[in-house]
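Subject: Handover of a structure and summary of findings

Dear colleague,

Please find the structure below, handed over for your own work.

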Amino acid sequence: MLCVLFAGLLIALPKPIKADTLWEHNHSKMRVVQNNNVIEIYYESPRPDLQERGVKQGTLLYRGTVMNGQISGTARAFFSNCPAPIEYDIAGKFTSEQLISLRGMRPLVDACKP
């Protein structure tokens, strides 16, 4: 079973990640793609409130790199009144053969600016 917790992002998935893996994150179906040391997470089927914010199939949630078991990259937060997602840094590591854990500080937004 694959699982996720975001702002502290907790993902249970195989290591190395298969080329294309589906899993759940907060009631959305996600697609995880790993190509060499790059990991990307896309919405496959976003939950309804995210769809109202413009999130659709194929929308990028996270892009990061893996170096020596450490993962770092950029996550995107979607706000209803903002035309573009707000990006923020998020990092972590593989915590076991079937789990990666990522954490970051999601910014507060005022007038679509962090």
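Predicted model: local features only at pLDDT ≥ 70, side-chain atom pairs only at ≥ 80, totals over all residues.

Strands, like helices, are DSSP runs numbered from the N terminus (E, at least two residues, for strands; H or I, at least four residues, for helices). Two strands are said to pair if DSSP finds at least two bridges between them.

Residues are numbered from 1 along each chain as its sequence is written, and side-chain values use heavy atoms, with hydrogens and water left out.

Strand pairing

Strand S4 (residues 38-45) is antiparallel to strand S5 (residues 60-67), and five bridges join the two. S4 also pairs with strand S3 (residues 28-35), again in the antiparallel sense, over seven bridges. Within that pairing, Ile39 in S4 stands opposite Gln34. The hairpin of S3 and S4 has two residues between the strands, and Asn36 takes a positive phi near 55° there.

Nonpolar core

The largest nonpolar core has 21 residues. The term denotes a set of buried Ala, Val, Leu, Ile, Met, Phe, Trp, Tyr and Cys residues joined through side-chain atoms within 4.5 Å. The residues with the most contacts inside this core are Met30, Ile41, Tyr43, Leu61 and Tyr62. At least two of its residues come from each of S3, S4, S5, S6 and S7. As general background, nonpolar side chains tend to be buried together in soluble globular proteins.

Salt bridges

A search of the whole structure finds five salt bridges, a salt bridge being a side-chain nitrogen of Lys or Arg within 4 Å of a carboxyl oxygen of Asp or Glu. For the accessibility classes used below, buried means under 20% relative accessible area, exposed over 50%, and partly exposed in between (1.4 Å probe, protein chains only).

One of these salt bridges is formed by the side chains of Arg63 and Glu40, at 2.6 Å from N to O. Arg63 belongs to strand S5 and Glu40 to strand S4, so the pair ties together parts that are 23 residues apart in sequence. Arg63 is partly exposed because its relative accessibility is 41%, whereas Glu40, at 16%, counts as buried.

Another salt bridge links Glu87 with Arg76, where the closest N and O atoms are 3.8 Å apart. Glu87 lies in strand S7 (residues 86-96) and Arg76 in strand S6 (residues 70-77), so this pair ties together parts that are eleven residues apart in sequence. Glu87 is exposed, with a relative accessible area of 52%, while Arg76 is buried at 18% relative accessibility.

Surroundings of Arg47

Arg47 is located in the loop between S4 and H1 and counts as partly exposed, with a relative accessible area of 21%. The side chains of Arg47 and Asp49 meet in a salt bridge (2.6 Å, N to O); Asp49 is itself partly exposed, at 27%. A network of salt bridges links Arg47, Asp49 and Arg53.

Leaving out residues up to four places away in sequence, Arg47 touches Asn26, His27, Ser28 and Arg53, where contact means heavy atoms within 4.5 Å. The C-alpha atoms of Arg47 and Lys29 are 8.0 Å apart in space, although the two residues are 18 apart in sequence.

Is Ser28 buried or exposed? Ser28 counts as buried because its relative accessibility is 0%. This residue is placed in strand S3, and a polar atom of the Ser28 side chain lies 2.9 Å from the backbone nitrogen of Arg47. With residues up to four places away again not counted, Ser28 touches Trp23, Tyr43, Ser45, Pro46, Arg47 and Leu50.

Lys56 is found in the loop between helix H1 (48-52) and S5, and at 57% relative accessibility Lys56 counts as exposed. Neighbours within four places in sequence aside, Lys56 is in contact with Tyr43 and Pro46. Lys56 and Pro46 are ten residues apart along the chain, with 6.3 Å separating their C-alpha atoms.

With kind regards

Notes. Polar contact = N/O pair within 3.5 Å; in protein donor to acceptor, adjacent residues only side chain to side chain.
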